Amino acid sequence: MSDAQTPDRDSELDQLLPWYVNGTLSDDERARVEAYLSASTAAREEVELLRRLREHVKASQPSRSPGELGLKRLQREIAAERQAAPASPRGGGSPGWWRPAAIAAALVIAIQGALLFEMQPERGVGPATGGGSGGSVIEVTFAADATESEIRAALQAVDGRLVDGPGALGVYRVRLVGVAPDDAAAIRDAIATLEALPDVVTGANAGQ
Amino acid sequence: MQQEARELLDRIARGDESALSDFYRAYEGPVYRFVLSRLNDSFEAADIVNEVMMEVWRHAARFEGRSKVTTWVFGIARHKTIDRLRKRRPDHGEELDENLPDDDSPDPVDCLVAAENAEFIQLCMERLSEPHREVVHLAFFEDLPYAEIAGIVDCPEGTVKTRMFHAKKALQRCLQRLMGDRP
């Protein structure tokens, strides 16, 4: 059978060609498509085009996915959700969750945050470890070639808000929402998270 | 992989946060790329990945195992993406004229030559409609069978094939035009 004998393309088989190219057809479908290809030059050219398109789609590199930063953000939201609704929604939960001590600690943080909110001015222009509205403030410098998207992701990973800067040396002040100024462990954790991103963050510290 | 993913969902449903971390690491990349293929906005795509994973965390128990985990999680991502597109453009719809005849037949040789040029392909891919880009992405990046794509985009298998067919024609026409514009 030649192209001359089959001037009309087989539309049903034509529609299977992309899945022939990605290798997901059933054995029967693949056999039918291969028979079609052996008889149609146009179909073979189309398969070649589809292969190139697929190679291109595979090779094209979209911007980096959120990765570990996104996971930190997710864990933070889950923790916040747990704090907001401490009763286990899962009928028991896993060991280690909803421990009374953790709930007590969360309450202490919340009370301290509320007190700081009352006591501090809106913008954190005092000592870097002082609060802004409800959070500790740290100092951060970003890589010169960091994109806005990367900076945004880094801030989201620590639930941080830019409150001031850049200063003369390019230092920004970042408020850690919900982290009390005396919660050294949480501040260290946030700084470690930021320092784990050397392509984005060139320095992070608790300030003076 | 599917069995492993189902076991992860079982553990997530019981409140195991480490299982969610494993699930996240397995699926955040594919979900992000899928959402980005439609939204073309890395900020919003990252937000949607977060929303999808929160949904998985809250509702893992709803996964009944009737579909593949990939189909389920991509389906969640797709619904959230469409919601976001509707907010962006209130008149956004999924309407595509699937039955438009392709009365012109691009020269396959011209298209093959143009397809050597990665910039041409990229440009033409960006010009595809969102639903067309979505199907091309699922077929050529994720290498999914058409039946699974139909489950994700919630339409009949025939529609997936037709959508892919029209996407391919649109790409061919675009590549041929670019070849014609070249000095």
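Hi everyone. One caution before we go on: what you see is a predicted model.

So, what surrounds this pocket? In total, 32 residues line the second largest pocket. Nearest its centre you'll find Ser65(A), Pro66(A), Gly67(A), Leu69(A) and Ala153(A). The space inside comes to about 610 Å³.

Now look at who else contributes. From chain A, helix H5 (67-84), helix H7 (148-157) and helix H8 (184-195) each supply at least two lining residues. Chain B joins in as well, with helix H2 (17-39) and helix H3 (42-59) each supplying at least two.

Let's move on to the contact between the chains. How many residues does each chain bring to it? Chain B brings 51 and chain A brings 46. The size of an interface is often given as the accessible area lost when the parts come together. Here, about 4,500 Å² is buried between chain B and chain A, and carbon and sulfur atoms give 60% of that.

Across the interface, 20 residue pairs are in polar contact, counting pairs with both residues at pLDDT 80 or more. On the chain B side, the elements giving two or more residues include helix H1 (2-13), H2, H3 and helix H9 (157-181). The most comes from H2(B), with 10 residues. Sorted by class, the chain B side has 32 nonpolar, 8 polar and 11 charged residues.

Finally, a word on charges. Side chains of opposite charge can pair when their charged atoms come close. Over all chains, the structure holds 25 salt bridges, and the count between chain B and chain A is 8.

In one, the side chains of Arg54(A) and Asp143(B) meet at 2.8 Å, N to O. That pair crosses between chains, running from helix H4 (residues 41-59) of chain A to the loop between H7 and H8 of chain B. In the other, Arg152(A) meets Asp47(B) in a salt bridge at 3.7 Å, N to O.

Conventions: Residues are numbered from 1 along each chain as its sequence is written. Chains are lettered from A and ligands numbered from 1 in the order in which they are written. This is a predicted model: local features need pLDDT of at least 70, side-chain atom pairs count only at pLDDT 80 or more; totals for chains, interfaces and linings use all residues. Side-chain values use heavy atoms; hydrogens and water are left out. On a 1 Å grid over the protein atoms alone, a cavity is a set of points where a 1.4 Å probe fits but cannot get out, and a pocket is an open set with protein on both sides within 12 Å along at least five of seven lines; lining residues have an atom within 4 Å of a point. Grid points are joined across faces, edges and corners, and a volume is the space filled by probe spheres set on the points. Helices (H or I, at least four residues) and strands (E, at least two) are DSSP runs, numbered from the N terminus. Contact means heavy atoms within 4.5 Å. Buried area is the accessible area (1.4 Å probe) that two parts lose on being put together, summed over both. A salt bridge is a side-chain nitrogen of Lys or Arg within 4 Å of a carboxyl oxygen of Asp or Glu. A polar contact is a pair of N or O atoms within 3.5 Å; within protein, one must be able to donate a hydrogen and the other to accept it, and residues adjacent in sequence count only if both atoms are side-chain atoms. Ala, Val, Leu, Ile, Met, Phe, Trp, Tyr, Cys and Pro count as nonpolar, Asp, Glu, Lys and Arg as charged, and the others, Gly among them, as polar.
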